[in-house]
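Visitor: Hi, I've just been handed a new structure to look at. Can you walk me through it?

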Amino acid sequence: PYSSRAAARTQAAMAAVTRAVLAAPVARLSSRRVAPQTRALPSRASRGVSLVVRSTVSIEHQGKTYEVECDGFDSILDAALDAGIEDLSYDCKMGVCMTCPSKVTGGKVTQDGAMLSDDVADMGYALLCVALPDGEDVKIETVTEEELLDVQLCA
């Protein structure tokens, strides 16, 4: 059972988070460019973790470069689809089927749940359906499923 003091602290913390989220700037989309806005949550110094809530990801796909605003919660694939990038290959959206391969050419991504070996992920490969940008300046290049499978089988 919670004490009333603990309940009051929890309620106050939730109210503070709600106020912070509601006060956050909203990205404005235009047909020419997505305005980059990054807002970092307070870092948890004891664990050395800092979470970027919003960032802009550059995606090179079929010879074109797109700037996509990521909110930190949806995958890079979902953000790209929402931005109107067409002909992106994907299927399961769970990091299992490997039909949404990409290569990270700048910055870092996290991809919990991706069915990639550590060696392949260390070589910069990522699955867009589970990839989240880990900071600013993330650059992604889409690659073929065959390229990823060749690397995955040889690693």
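Predicted model: local features only at pLDDT ≥ 70, side-chain atom pairs only at ≥ 80, totals over all residues.

Visitor: Okay. How many helices and strands are there in the protein chain?

Guide: The protein chain has 4 helices and 7 strands. Starting at the N terminus, the elements run α-β-β-α-β-β-α-β-β-β-α.

Visitor: And how much of the protein chain counts as buried?

Guide: Of its 155 residues, 35% count as buried.

Visitor: Let's zoom in. Which residues of helix 4 are buried?

Guide: Helix 4 covers residues 145–154, and Leu 148, Val 151 and Gln 152 are buried there. Looking down the axis of helix 4, its buried residues fall within an arc of 100°, so they line one face of the helix.

Visitor: Why would residues a few places apart end up pointing the same way?

Guide: An α-helix has 3.6 residues a turn, so residues three or four places apart point the same way.

Visitor: Nice. What does the face turned away from the buried side of helix 4 carry?

Guide: That face carries exposed residues: Glu 146, Asp 150, Leu 153 and Cys 154.

Visitor: And what do the buried residues of helix 4 pack against?

Guide: They pack against strand 3 (101–106), helix 3 (118–122) and strand 5 (125–127).

Visitor: Pick one of them for me. What's going on around Leu 148?

Guide: Leu 148 sits in helix 4 and is buried, with a relative accessible area of 0%. Leaving out neighbours within four places in sequence, Leu 148 is in contact with Met 98, Pro 101, Leu 116, Val 120, Tyr 125 and Leu 127. Leu 148 and Tyr 125 are 23 residues apart in sequence, and their C-alpha atoms are 7.5 Å apart in space.

Visitor: New topic: His 61. Is His 61 buried or exposed?

Guide: Buried, because the relative accessible area of His 61 is 6% and the cut-off for buried is under 20%. His 61 lies in strand 1, which covers residues 55–61.

Visitor: Which backbone oxygen does its side chain reach?

Guide: The side chain of His 61 reaches the backbone oxygen of Asp 87 at 3.3 Å. Not counting residues up to four places away in sequence, His 61 touches Tyr 66, Ile 85, Glu 86, Asp 87, Leu 88 and Thr 142.

Visitor: What about salt bridges, how many are there?

Guide: The count comes to 1 salt bridge. Lys 93 pairs with Asp 78, and their closest N and O atoms are 2.8 Å apart. This pair links distant parts of the chain, 15 residues apart: Lys 93 is in the loop between helix 2 and strand 3, while Asp 78 is in helix 2.

Visitor: How accessible are those two?

Guide: Both residues count as partly exposed: Lys 93 has a relative accessible area of 37%, and Asp 78 has 23%.

Visitor: Last one. Which residues form a nonpolar patch on the surface?

Guide: Met 94, Val 96 and Met 115 form one, with about 310 Å² of accessible area together. Val 96 is in the loop between helix 2 (76–82) and strand 3. At 48% relative accessibility, Val 96 counts as partly exposed.

Key: Residues numbered from 1 in each chain as written. Heavy atoms only, no water. Buried < 20%, exposed > 50% of the residue type's maximum accessible area, 1.4 Å probe, protein only. Helix = DSSP H or I, 4+ residues; strand = E, 2+ residues; numbered from the N terminus. Arc of directions from axis to C-beta. Contact = heavy atoms within 4.5 Å. Polar contact = N/O pair within 3.5 Å; in protein donor to acceptor, adjacent residues only side chain to side chain. Patch = residues over 30% accessible without salt bridge, like charges linked within 9 Å, V, L, I, M, F, W, Y side chains within 5 Å. Areas by Shrake-Rupley, 256 points an atom, 1.4 Å probe, with all protein chains shown as cover. Salt bridge = Lys/Arg side-chain N within 4 Å of Asp/Glu carboxyl O.
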